[in-house]
Structures are given as C-alpha cells and as structure tokens.
Amino acid sequence: MVDMIMLCINSCSMRILWNGEPTNCFHPSRGIRKGDPLSPYIIVVCVEHLSQLMEVMVQAGHSRAVQLCKNGPRISILFFADDIILFSKATEAKAEMIKGCLD
C-alpha cells in the first residue's frame, strides 16, 4: 500500500506560475504536502488501519473502551478530520500498547 501511495506522489509532475509564466516541470521529492488533493484519502486509509488495530487490542483484552453511559457505545478511538483521540487507562503499559499501534 505504501509503495502504491508513493507511486501516486512521485509519478506526478508540477509547474509553478512565476510572474504569470509557467516554470519547467519538476517532480515532488519530499512526499505529500498540506493541501495536496491526495492528503484526505491518505488520512482515511491510515485512520481506518489505526481503528482496526485499536479494535483488535480491545477485543484481545489489552485495552478497554470507554462507555459514557449504561447503554451507550464503547469508544476506544474518535476521529474528526485529521484529529485523533485515543481512550485508554493511564498506565505505562497502555501507553506502550498505543505507541505500538501508532508505530
């Protein structure tokens, strides 16, 4: 998946209008930039994978989801745009587990 995404980033060429004149074509070499049209899709792919990893940890009993009310849904991770909130017990072991998921 990473190779396919990098192919999308590296196979494109760009031009800049400089004083109304287009410059020569160049290829981006530093990865994706903020504002790139591909950026939201990459975020969705990464967030989906992280969500699945966290769900596996909850199902395996390595982490517990938060339940805000008696019959409410269990929450271990929340996403909004490019922000992520992870819920877990505040212990060193749980922090290491979350770090492993993020790595």
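Modeller: Two strands pair if DSSP finds at least two bridges between them. Helices (H or I, at least four residues) and strands (E, at least two) are DSSP runs, numbered from the N terminus. This is a predicted model, in which local features need pLDDT of at least 70, side-chain atom pairs count only at pLDDT 80 or more, and totals for chains, interfaces and linings use all residues. Residues are numbered from 1 along each chain as its sequence is written, and side-chain values use heavy atoms, with hydrogens and water left out.

Colleague: Let me start with the strands. What makes E5 and E6 a pair?

Modeller: Four bridges link strand E5 (residues 77-80) to strand E6 (residues 83-86). The rule asks for at least two, so the strands pair. Their sense is antiparallel. Leu-78, for one, has Ile-85 in E6 as its bridge partner.

Colleague: What lies between the two strands of that hairpin?

Modeller: Two residues. Ala-81 in this hairpin takes a positive phi near 55°.

Colleague: Why is Ser-76 called buried?

Modeller: Buried means under 20% relative accessible area, exposed over 50%, and partly exposed in between (1.4 Å probe, protein chains only). Ser-76 has 8%, so it counts as buried. Its place is the loop between strand E4 (74-75) and E5.

Colleague: Which residues does Ser-76 touch?

Modeller: Contact means heavy atoms within 4.5 Å. Leaving out residues up to four places away in sequence, Ser-76 touches Met-54, Val-58, Ala-65, Ile-85, Leu-86 and Phe-87.

Colleague: On to helix H2. How do you know what span to expect of it?

Modeller: The expected span is 1.5 Å times one less than the number of residues. H2 (residues 39-59) has 21 residues, so it should span 30 Å. Its end C-alpha atoms are 30 Å apart, which agrees.

Colleague: Which residues of H2 are buried, and how do they lie around the axis?

Modeller: Ser-39, Ile-42, Val-47, Leu-50 and Met-54 are buried. They cover an arc of only 125° around the axis, so they sit on the same side of H2. The arc is that of the directions from the helix axis to the C-beta atoms.

Colleague: What covers the buried residues of H2, and what does the opposite face carry?

Modeller: The cover includes helix H1 (2-10), E5, E6 and helix H3 (92-102). The face turned away carries the exposed residues Tyr-41, Val-44, Val-56 and Gln-59. Just after H2, Gly-61 takes a positive phi of about 85°.

Colleague: What puts the buried residues of H3 on one side?

Modeller: The buried residues are Lys-94, Met-97, Ile-98 and Cys-101. Their arc is only 95° around the axis, so they share the same side of H3. They pack against H2 and E6. The face turned away holds the exposed residues Glu-92, Ala-93 and Leu-102.

Colleague: How do you know how many disulfides there are?

Modeller: A disulfide is a pair of cysteine sulfur atoms within 2.5 Å. By this rule the count is zero. For Cys-101, the nearest cysteine sulfur is that of Cys-46, 14 Å away, and Cys-101 is in no disulfide.

Colleague: Buried or exposed: how is Cys-101 classed, and why?

Modeller: Its relative accessibility is 9%, so Cys-101 counts as buried. Cys-25, at 47%, counts as partly exposed.

Colleague: What makes Lys-99 and Asp-103 a salt bridge?

Modeller: A salt bridge is a side-chain nitrogen of Lys or Arg within 4 Å of a carboxyl oxygen of Asp or Glu. The closest N and O atoms of Lys-99 and Asp-103 are 3.0 Å apart, and the two residues form a salt bridge. The count by this rule is one. Lys-99 is partly exposed, with a relative accessible area of 45%. Asp-103 has 71%, so it is exposed.

Colleague: Why is Asn-19 called exposed?

Modeller: Its relative accessible area is 72%, so Asn-19 is exposed. Asn-19 is found in the loop between strand E1 (17-18) and strand E2 (21-22). It has a positive phi of about 55° although it is not a glycine.

Colleague: Last one. Why is Gln-67 called partly exposed?

Modeller: Its 32% relative accessibility counts as partly exposed. Gln-67 is found in strand E3 (residues 66-67). Not counting residues up to four places away in sequence, Gln-67 touches Gly-72, Pro-73 and Arg-74.
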